[in-house]
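Please read it with the structure open.

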Amino acid sequence: MKTATKSDLYRKLPSVDELIRSPELAGALAREGPAATTDAARAVLARLRAEIDAGGLDAARLDLALSGIAEAVERQLRQALSYSLRPVINATGVILHTNLGRAPLARSARERIRGTAASYSNLEFDVVSGERGQRDVHVDRLFRKLLAGDARVAAGLRPAGTLRLRSGQARQSPVPTQSHAASTIVVNNNAAGVLLALNTLAEGGEVIVSRGELVEIGGSFRIPEVMAKSNATLREVGTTNRTRIADYERAINDKTRLLLRVHRSNFQITGFTEQPRLEELVDLARKRNLPLMEDLGSGALLDPGLLGITGEPSVLDSLHAGVDVVTYSGDKLLGGPQAGILSGRSDLIARMRSNSLFRALRVDKLTYAALEATLLAYVKHDHDEVPVIRMMRLSREGIGRRAEAVAKEIRSLELSVEIMDGESVVGGGAAPGAALPTRLLAVSHPDMNADELAARLRSFDPPVIARVEEGRVLIDLRTVFPEQDRVIAEALENASKR
Ligand SMILES: *Cc1c(COP(=O)(O)O)cnc(C)c1O
């Protein structure tokens with residue numbers, strides 16, 4: 001009896017064809033086309049069949065479902081055709097938020113991407129000679145300018161000849177030979193850059209690195225694992241908190257190919273600590289005729305001190321100190337597209353370029369387009385064109401005024417909104433200790449806990465991502481574009497409604 005009932009129910013279902021030709025779906029069919037509409041109709045019918053099969057629908061409930069079947073197909077269509085990757089509003093105050101796509105791009109970078117994407121380009125073509133060219137020439141020339149010996153003043157750095165040490169005091173630097181001839185190549189990300197460099201410079205040999213620098217960067221980038229994949233052997237020296245130059249010196253043997261320093265991007269070791277100064281490592285590398293590489297991670301092209309960040313070395317600092325190869329990300333403090341950048345001694349960079357791994361790790365034309373535009377902003381000193389630089393330079397007072405304007409726009413009587421002092425974070429594995437003073441909107445609702453309020457903000461379109469701390473939702477407008485301030489007020493208003 002039961003199976004017979006089920007087949008009666010199945011018979012009530014329209015065919016896919018009948019369904020998509022129904023007048024209610026004429027609009028959807030015209031808008032989205034027969035392929036997508038048919039898929040959606042199939043999916044909805046399959047769900048109904050499964051429900052019948054599971055005994056979850058009787059005749060009355062099936063009739064009800066069939067009366068709303070066109071809307072169900074429309075819903076399915078909307079879901080199937082919506083983008084999974086979409087913009088969100090970053091109200092966390094974490095400027096380089098790895099989960100939120102790190103650096104938003106400059107307007108000029110977006111325009112270059114659009115222009116390059118829609119057209120053929122001279123990516124690997126020399127327009128003058130009509131012959132095949134190299135894709136890395138497009139940014140190498142700008143890096144040369146930015147990393148040249150006289151670029152320090154332009155970048156807001158101390159004039160050549162003095163060097164601020166990690167500890168903060170200044171001293172005469174060794175003759176800056178390095179950066180005059182620094183050349184640069186670009187790969188997919190900094191992890192790829194480190195892999196390429198280790199494989200090129202140390203395959204089959206040993207790399208000496210301090211135990212205190214064997215870092216894991218979020219998303220499972222671990223120096224020992226990258227080292228293994230590069231076919232180089234890790235030679236750990238020192239202890240977690242203390243490594244001396246003599247430790248490096250003792251570890252050097254005839255298999256040693258490279259000295260590696262890794263910037264402690266996302267943690268600090270404080271207390272009883274010791275690390276050789278960069279200059280000591282440079283001296284040792286020169287004396288023993290070994291290259292010295294530094295994985296900087298964040299890779300600032302502008303003096304981080306100008307942005308209120310202390311203790312963060314710039315790319316120029318490292319090159320000037322005499323580091324042979326520096327690796328860094330394109331989408332951290334540089335504020336460009338995802339990329340791994342290797343700058344340094346031309347002969348070493350040339351070896352990396354001819355490594356077959358480079359072909360596998362190279363970046364596409366859209367990355368070059370965005371990177372070239374971002375670098376041009378630095379060349380022109382148009383630093384505020386780069387959104388992450390602009391955000392770092394925003395004043396606490398300016399952010400406070402915007403927060404007050406947002407608070408005024410909120411009409412909901414239920415929301416309690418307070419403006420308070422707080423700190424924004426650079427994030428993205430840059431300057432772990434740095435905090436930028438800011439003003440926060442602290443929001444709470446009498447009938448909703450902070451997690452629920454935050455979830456409602458995330459379900460807004462566009463999603464608003466905020467922090468939750470001590471039972472309140474905290475909104476930091478430093479990372480919100482000013483034209484989005486209004487959306488924050490709307491999202492809060494909307495979230496407060498039951
Ligand atoms: C961020 C970081 C990396 C990884 O860079 P990606 O561009 O994300 O691949 C590697 N090393 C250090 C020191 C970093 O800070």
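This is a predicted model: local features need pLDDT of at least 70, side-chain atom pairs count only at pLDDT 80 or more; totals for chains, interfaces and linings use all residues.

**α9 with α14**
- From α9, the residues Leu196, Ala197, Thr200 and Leu201 meet Leu348, Arg351 and Met352 in α14.
- The contact of α9 with α14 has five nonpolar residues, one polar and one charged.

**α18 with α20**
- Helix α18 (residues 396–409) packs with helix α20 (residues 485–496) at an angle of about 40 degrees, and their axes are 9 Å apart.
- On the α18 side the contact is made by Arg402, Val406 and Glu409, and on the α20 side by Asp485, Arg486, Ile488, Ala489 and Glu493.
- By class, this contact of α18 with α20 has five charged and three nonpolar residues, with no polar ones.

**α6 with α16**
- Helix α6 (residues 107–117) and helix α16 (residues 365–379) have axes 8 Å apart and pack at an angle of about 145 degrees.
- The crossing in which α6 passes α16 is right-handed.
- α6 contributes Ser108, Ala109, Arg112, Ile113, Thr116 and Ala117 to the contact, while α16 contributes Lys365, Leu366, Ala369, Ala370, Ala373 and Thr374.
- Seven nonpolar, three polar and two charged residues make up the contact of α6 with α16.

**Largest pocket**
- The largest pocket holds about 1100 Å³ of space.
- Its lining consists of 40 residues, and those nearest the centre of the pocket are His97, Leu100, Gly101, Arg102 and Ala103.
- Two or more lining residues come from each of β1 (89–90), α9 (190–202) and β13 (292–297).
- Of the elements, β13 gives the most to the lining of the largest pocket, with three residues.
- Sorted by class, the lining has 17 nonpolar, 17 polar and six charged residues.

**Backbone features**
- Most residues other than glycine have a negative phi, and most peptide bonds are trans.
- The peptide bond from Asp461 to Pro462 is cis, with omega near 5 degrees.
- Pro462 is in the loop between α19 (450–458) and β18 (464–465).
- Asn289, although not a glycine, has a positive phi of about 60 degrees.
- Asn289 sits in the loop between α12 (278–287) and β13, and β13 is the strand that gives three residues to the lining of the largest pocket.

Notes
Residues are numbered from 1 along each chain as its sequence is written. Side-chain values use heavy atoms; hydrogens and water are left out. On a 1 Å grid over the protein atoms alone, a cavity is a set of points where a 1.4 Å probe fits but cannot get out, and a pocket is an open set with protein on both sides within 12 Å along at least five of seven lines; lining residues have an atom within 4 Å of a point. Grid points are joined across faces, edges and corners, and a volume is the space filled by probe spheres set on the points. Helices (H or I, at least four residues) and strands (E, at least two) are DSSP runs, numbered from the N terminus. Ala, Val, Leu, Ile, Met, Phe, Trp, Tyr, Cys and Pro count as nonpolar, Asp, Glu, Lys and Arg as charged, and the others, Gly among them, as polar. Axes are lines fitted to C-alpha atoms, for helices over the stretch in contact, and angles run from 0 to 180 degrees between N-to-C directions. Contact means heavy atoms within 4.5 Å. A crossing is left-handed if the near helix is turned anticlockwise from the far one by less than a right angle, and right-handed if clockwise.
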